[in-house]
Amino acid sequence: MTATRKIIKPDDTDALDAELTAMLVSPERVVRLRPGAQIPEGLLQDINAEELEAAVEGMMSTQAAGAALHQARQQRELTLRQAGEASGRSAPRIKAIEATGTDIHLGTVVAHARALGYAVRLSLLPLDGQGPVIEADLSGDRAG
């Protein structure tokens, strides 16, 4: 049986709630690892719903960052090898960053995006709609 890959965007709260509910009801379907993947220490401990939600949101954010970097590389028409040379990383590392199999450090996102010719901005949007949007230029560039 081939597993389908479902990507949920961090702002799609209905899909996130449905996915979290499915995980809580059927956790055995969540613990599928790729060949060679290792289970992080403490993963199989009991966790509450809030901790699970935070973990899923973290994974979804990582997926979104990897997908954005993949799209940026494709936009520049660079191979994995060319992107790796530009950012000082190996082609397999670039593939891992884009595939989002592992957590991506913010510094890695910034460095790789800059190597692809992109600036990185962080926007903090109030979830309740109250208060200002807070933005930070993470690349040190003033690109528009």
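Modeller: Of the protein's 144 residues, 22% count as buried, meaning under 20% relative accessible area, with exposed over 50% and partly exposed in between (1.4 Å probe, protein chains only). This is a predicted model, where local features need pLDDT of at least 70, side-chain atom pairs count only at pLDDT 80 or more, and totals for chains, interfaces and linings use all residues. Residues are numbered from 1 along each chain as its sequence is written, and side-chain values use heavy atoms, with hydrogens and water left out.

Colleague: What order do the elements run in from the N terminus?

Modeller: The order is α-α-α-α-α-β-β. Helices (H or I, at least four residues) and strands (E, at least two) are DSSP runs, numbered from the N terminus.

Colleague: At what angle do α3 and α4 pack?

Modeller: About 100°, with the axes 8 Å apart. The axes are lines fitted to C-alpha atoms, for helices over the stretch in contact, and angles run from 0 to 180 degrees between N-to-C directions.

Colleague: Which residues meet there?

Modeller: L80, R81, A83, G84 and S87 in α3 meet A91, I94, K95 and E98 in α4; contact means heavy atoms within 4.5 Å.

Colleague: New topic. What is the phi of E77?

Modeller: E77 has a positive phi of about 55°, and it is not a glycine. Most residues other than glycine have a negative phi.

Colleague: Where is E77 found?

Modeller: In the loop between α2 (49-75) and α3 (80-87).

Colleague: Is E77 buried or exposed?

Modeller: E77 is exposed, at a relative accessible area of 70%.
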